[in-house]
Amino acid sequence: MLSYNLHLACASYRRNPTLTGLVAGAIAIGIAVCTITLTLYHALSNNPIWWKNDQLYAVTIDSWDPERPDNDKHPERPPPQLTYKDALALLKSDIPVHKVAMFKSTRVLDAGKADAKVKRMDTRVTTGDFFRAFDVPFLYGGPWNAAADQSPEPVVVISKEVNEKTFGGINSVGRTVRLDDRDFRIVGVLDTWRPAPTYYDLNNGSLENPEDIYIPFAWGEALELESAGNTNCWKSEQINSFKDFTNSECVWIQFWAEFSSKADHNRFQSWLDGYAKDQKKLGRFPRPLNNHLYNVDEWLAFNEVVTKDNRVLVGLAFMFLAVCVVNTVGLLLAKFLSAASLSGLRRALGASRRDIFQQHLVEVIVLGLAGGLLGLILSALGLWGLRLMFASDFDQYASLTHMDPTMMSAAILLSLLAGIAAGLYPAWRIGRIQPATYLKTQ
Amino acid sequence: MSIRPILSALLRNKTGAILVAVQIALTLAVVVNSIYIIVQRIEKIGRPTGIDEANIFMVNTQNYTRDFPYEATIREDLAYLNGLPGVVAATTINAIPLSGGGSSTAYFNAPGGKGEGVPGNYFEVTERGIDALGIHLSSGRGFSAAVIRPPMQRTSEFVPEIIVTRDVAKQLFPDTEPLGKTVYSQLSQPARIVGIIDHMHGSWTGWDKVGNVVLHPVTDCCKRISYLVRTKPGDRDRLMPIVEAKLIKTSGRVVNSVRTLGFYKDRSYSDDRNMAIFLSVVIVLLIAIASLGIFGLATFNVQSRTKQIGTRRAIGARRRDIVQYFLVENWLITTSGIVGGCVLALAVGYWLSMHFELPRLDLYYLVGGVFGLWLVGQLATLLPARRASRVPPAVATRTV
């Protein structure tokens, strides 16, 4: 029966190719617009480390101004970063399995090769747990150990790109590179790692490339490094030296903790509250107690990675699809009714209303799928166009405009639904025609 | 021409008309709100910045050796840049205007200031700062060379004098003349306002107080040093590689980038620009699809009424009567869609303003959208209607 209906559908497409093309085209355009906006939305709301959503938490403490919250629009939110002294205090807790304290800086890299230009490099100054907590893949070597974080030792982890450019991609573990005016020994070379969005530090946009150079956190104080990310201060205090700065209420350190169990998470939350209460006794933290642990999903929402524009676009895109569907209903009605005499004949020869309905529904579903496939091609083209538009702005945009299998199946499902939504009424209508009307004039 | 017969013919075969009306309604809602958003974005991008954007480029350097002679280097660089033929003025600057990165602090109109203070996005510039930015002083004066703080490591020391935009001045001193007044830092250190800038945009283009800019007479220092260079019109692109080649020669530092100010501005507004482009494409496609729907319905109607048209022609209707018939029919359908569309458009506008903090839809746009869709409907009907008018009266006699 299905093959017969498919055969009839093909005959119908051949009978009126223009109208068939228009129907598939209308569905395709609607699907394409929806898929493109959904792809952007999906990519931005993507959790790049979903498997650790119950273990990995951004740690925040409300250390802000008693007069007003850090975020005027969301007064319930503590500032997204910690002060240096709080970060040091939190590193002392042994509840989390991994503790990441970090900030972004820049260093000038000199690989010691005569032909290679010295070049400024984005550098992450971080505890070695960074690589363990965020499951960063290594090509050679591995993270530095806790001892290297303490002293600090002159060790460095470099990205795959830097390793390729300076060492031709060989195993460079054990070699040294010069960062500013100091030699660092390479302990690890990263494999390709491009989380998008860059959930672990959202201070400077969500589509930045990960840093190329990683050095132990304690170098921050030893070399008096400042953040190249975001530093926020609220308190009127004298800051005349780096020591003053690390002692100040300025927030500039990102802090993450990974727990092995929910119980540890809860223990750490109470430990954190206890710490904040102790500090309150010392006259710090004038705001009400408000310490939060955010998992990655919550952290992406906190930082509003999916922008309002993304949401508006998705809403408008679905209205657009609705127009396409309504349009298709009209086109299908015209198409079916123009061949109504054939259906009349089938009915007169004994086909039931259901048979006619099914026949036309099959025709519509196939058309919807064809439109969906065409829509996928159109969306791929559209996304490619977007990539061209953005390419110069962000290297990471490629990952944003990449259609993954989820999106593709969503697009196909959407086109199927759109096809059925558009076809139900016309198919029902054609099933109800009186055969006699169409047989009379023959 | 009477509307009655058209209406009764319409009501006899409602489905197609309803479908088109629904399309019109949805189209109106989407198009009107999209255009409203686009216009806001274009206005936002086109706001005057007060800065001579077209002729400015940035040189961003970073030194990396211990005891790098930054003081001497800055002095040499500034002398070189300001002496270069084609350069109007050059200054060190602590942040790049319009780039999204910068510093801000609070200013108070009395010492020991409690409460909010006035937030100001501050730029540290030399005595050439005003000329380099190409901003216009409406009163007062620029900084003298003597008052510029020499390059210095971290300090909480405030500056003796500042220049503020009129926006900042108004917020600090709403009722009195701000020039010559003293403002205070968070630590209650005083500074005198010596000049008022007409208008200037700071670092954060998305900030509602983007015009809250303050200039400090300070030489930016010490690790990462940026120069803002303004050239004579037409000289910018020629000078950029020359300057890079010269500055790169200093040992112990790298030139991170040499870029036009326009690069940073474009990057800051890229979200707005892309939103406008995306919505424009959606609008064009949507109107095309809606017109197709209208065109399809009219064509279908003309085909199925060929005999009736012939009959009307045979009993004396002129060709323009036939054209008019279809145009009026379309107008009725479009209008019914528009009525629903107005409600829908306002609902969407309300939704956008509630959830996305967009301003409430301006009704002018709705009126414009209504007229626009009337026009689109009539144009899309015109072709089938004219084909209908060419149906010969003889058709009426052919069959039956």
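Trainee: How many bridges join E6(A) to strand E8 of chain A, and do they run parallel or antiparallel?
Mentor: Four bridges, and the two strands run parallel. Keep in mind that this is a predicted model. Within that pairing, A:Val157 sits opposite A:Gly188 of E8(A).

Trainee: In which sense does E6(A) pair with strand E9 of chain A?
Mentor: Antiparallel, over two bridges. A:Ile158 has A:Ile213 as its bridge partner in E9(A).

Trainee: Which residues of E6(A) are buried on each side?
Mentor: A:Val155 and A:Val157 are buried on one side, A:Val156 and A:Ile158 on the other. Both faces of the strand are covered. In a regular strand, side chains alternate between the two faces of the sheet.

Trainee: Switching topic. How many residues are in the largest nonpolar core?
Mentor: It has 95 residues. Those with the most contacts inside it include A:Phe320, A:Val323 and B:Leu28. Helices of chain A and chain B supply it, among them H2 (17–44) and H11 (308–338) of chain A and H8 (270–304) of chain B. H11(A) gives the most, 17 residues.

Trainee: What is A:Val323 in contact with, sequence neighbours within four places aside?
Mentor: B:Gln23, B:Leu26, B:Thr27, B:Leu286, B:Ile289 and B:Ala290. A second, separate core has 63 residues, including A:Ala87 and A:Tyr140.

Trainee: And how many residues of chain B are in contact with chain A?
Mentor: 41, in contact with 39 residues of chain A. H8(B) has the largest share of chain B's side, 15 residues.

Trainee: How do the residues on that side of chain B divide into nonpolar, polar and charged?
Mentor: 21 are nonpolar, 16 polar and four charged.

Note on methods:
Residues are numbered from 1 along each chain as its sequence is written. Chains are lettered from A and ligands numbered from 1 in the order in which they are written. This is a predicted model: local features need pLDDT of at least 70, side-chain atom pairs count only at pLDDT 80 or more; totals for chains, interfaces and linings use all residues. A nonpolar core is a set of buried Ala, Val, Leu, Ile, Met, Phe, Trp, Tyr and Cys residues joined through C-beta atoms within 7 Å. A residue is buried if 20 or more other C-beta atoms lie within 10 Å of its own, exposed if 12 or fewer, and partly exposed in between; C-beta atoms are placed from the backbone. Two residues are in contact if their C-beta atoms, placed from the backbone, lie within 7 Å. Ala, Val, Leu, Ile, Met, Phe, Trp, Tyr, Cys and Pro count as nonpolar, Asp, Glu, Lys and Arg as charged, and the others, Gly among them, as polar. Two strands pair if DSSP finds at least two bridges between them.
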